[in-house]
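Open the model in your viewer and keep the sequence panel beside it. The tour goes stop by stop, with something to select at each.

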Amino acid sequence: MHTVGQNRIGALARCSSWLARTLWPGSCLVCGAHGRDGRDLCPLCEAAMPWHPHACLRCALPLDQQNAAATTAHDTGSATCASCLSEPPPLVEVRAACTYGAPMDRLAPRFKFHGDLAAGRVLSALMVEAFGSLPRPDAIVPVPLHRSRLRQRGYDQALELARPLASALRIPLLDGVMSRAVATSPQSRLDAADRRYNVEDAFEVRARVDLPAHVVLVDDVMTTGATLHSAAQCLYLAGAVRVDAWVAARVP
Ligand SMILES: [Zn+2]
Ligand SMILES: [Zn+2]
C-alpha cells in the first residue's frame, strides 16, 4: 500500500526526471545524435540494432545457423533447434533482445567492464522493448555476482538491467534471494567445457525463501549458457517449477 509520503516521493521523482529530460536530452551512445525521450539511443540506431532474429526457443541461437533438421513446431508456434531437442537444456525458454553484433558488442562491454551505466540503461530499454509482449512470469531473478566481484565493480550488472525491466513490465523483482556461493573465474577467459565446470554449483538460494512457480533469470549476455543453466538448476532445487532466461544479447 502506498503512503502519502511515497506518493510525494514518486511525484518528485517523475518531475525531476521530466526536468532532466528537458535540460539534458539524451545523446545517442552509438552515434552522438539526440536521443528520443531522454534516452541515450537515437531512433535510427535503435532501428539498426541487431534485434534478435528467428531463434530457438530453448537456447536463443538463431535458427538459420542450425542444421537443416533444426526446426520443429513448439506449442507456442516457435521452433526448437536440433541440439535442444536431443538434449533439452534446463531453461524452458531463452529470449535475447539482440544478437551480439555491432553496436551491441560495444555497448555491452562498456556497461559490464567500464562502468558505463548509461549503456546499461540502453540495454535495459531494449529488453523492455523486446520482451514487453511476452507472457509475464511470476518473478524476475537477476543472476547474482559474487560479493568480491561486486566490491571490485561497484555495481551488479544483472541487477542494473533487471530493476528497470521489472518495474517497466510490472513483474516482481526477487533481488537477493540467490547468491554466488563461490567466487568463480571470469567466464570470458574460459572455453565452453571450462565454463561449465567453473560455474557448477556456483549458486545458492537463501534458506526458507518461497520461490514462485515461474521465474525468469535476467543477465546481460548469454554465451554458452553455462552460468544461466547452473543458476536455473539452483532455482529448481529451491522449488521453482519453470525457469526461463531473458538476456540483452546472445553470442551466436
Ligand atoms: Zn544514434
Ligand atoms: Zn536450441
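What spacing along the chain do the donors of the zinc ion (ligand 2) follow? They follow C-x2-C-x21-C-x2-C.

Before selecting, note the ground rules. This is a predicted model, in which local features need pLDDT of at least 70, side-chain atom pairs count only at pLDDT 80 or more, and totals for chains, interfaces and linings use all residues. Residues are numbered from 1 along each chain as its sequence is written, chains are lettered from A and ligands numbered from 1 in the order in which they are written, and side-chain values use heavy atoms, with hydrogens and water left out.

**Stop 1: zinc ion (ligand 2)**

Select Cys56, Cys59, Cys81 and Cys84. Their SG atoms are the protein donors, 2.3 Å from the zinc ion (ligand 2). Donors here are N, O and S atoms within 2.8 Å of the metal (3.2 Å for Na, K and Ca); water is not among the atoms, so sites may look incomplete. The site is tetrahedral, with angles of 104 to 115° among its 4 donor atoms. For four donors, that label requires all angles to lie between 85 and 135 degrees.

Cys56 is buried at 1% relative accessibility, and Cys59 is buried at 9%. Buried means under 20% relative accessible area, exposed over 50%, and partly exposed in between (1.4 Å probe, protein chains only).

Now pick Ala60, in the loop between α2 and α3 (82–86). Helices (H or I, at least four residues) and strands (E, at least two) are DSSP runs, numbered from the N terminus. Ala60 is not a glycine, yet its phi is positive, about 65°. Ala60 is also buried, with a relative accessible area of 1%.

**Stop 2: zinc ion (ligand 1)**

Select Cys28, Cys31, Cys42 and Cys45. Their SG atoms coordinate the zinc ion (ligand 1) at 2.3 Å. Angles among the 4 donor atoms run from 102 to 116°, and the site is tetrahedral. The sequence spacing is C-x2-C-x10-C-x2-C. Cys28 lies in the loop between α1 (4–23) and α2 (43–47) and Cys45 in helix α2, so the pair ties together parts 17 residues apart in sequence. Both Cys28 and Cys45 are buried.

Next, look for disulfides, meaning pairs of cysteine sulfur atoms within 2.5 Å. A search of the whole structure finds 0.

**Stop 3: the cis peptide**

Go to Pro103, in the loop between β1 (94–99) and α4. A cis peptide bond joins Ala102 to Pro103, with omega about -5°. Most peptide bonds are trans.

**Stop 4: helix α7**

At the start of α7, a side-chain oxygen of Asp156 comes within 3.1 Å of the backbone nitrogen of Ala158. Buried residues of α7 include Leu161, Leu165 and Leu169. Among the elements covering the buried residues are α4 (104–113), α5 (117–131) and β6 (242–250).

Arg170 is exposed, at 74% relative accessibility.

**Stop 5: Val243**

Finish in strand β6 with Val243. Val243 is buried, with a relative accessible area of 0%. Show its contacts (heavy atoms within 4.5 Å). Val243 touches residues including Pro90, Glu93, Leu217 and Tyr236. Glu93 is 150 residues away in sequence, but 7.6 Å away C-alpha to C-alpha.

Technical notes: Tetrahedral: all angles 85-135°; square planar, octahedral: opposite > 155°, others 65-115°. Polar contact = N/O pair within 3.5 Å; in protein donor to acceptor, adjacent residues only side chain to side chain. Lists of a residue's contacts leave out its neighbours within four places in sequence.
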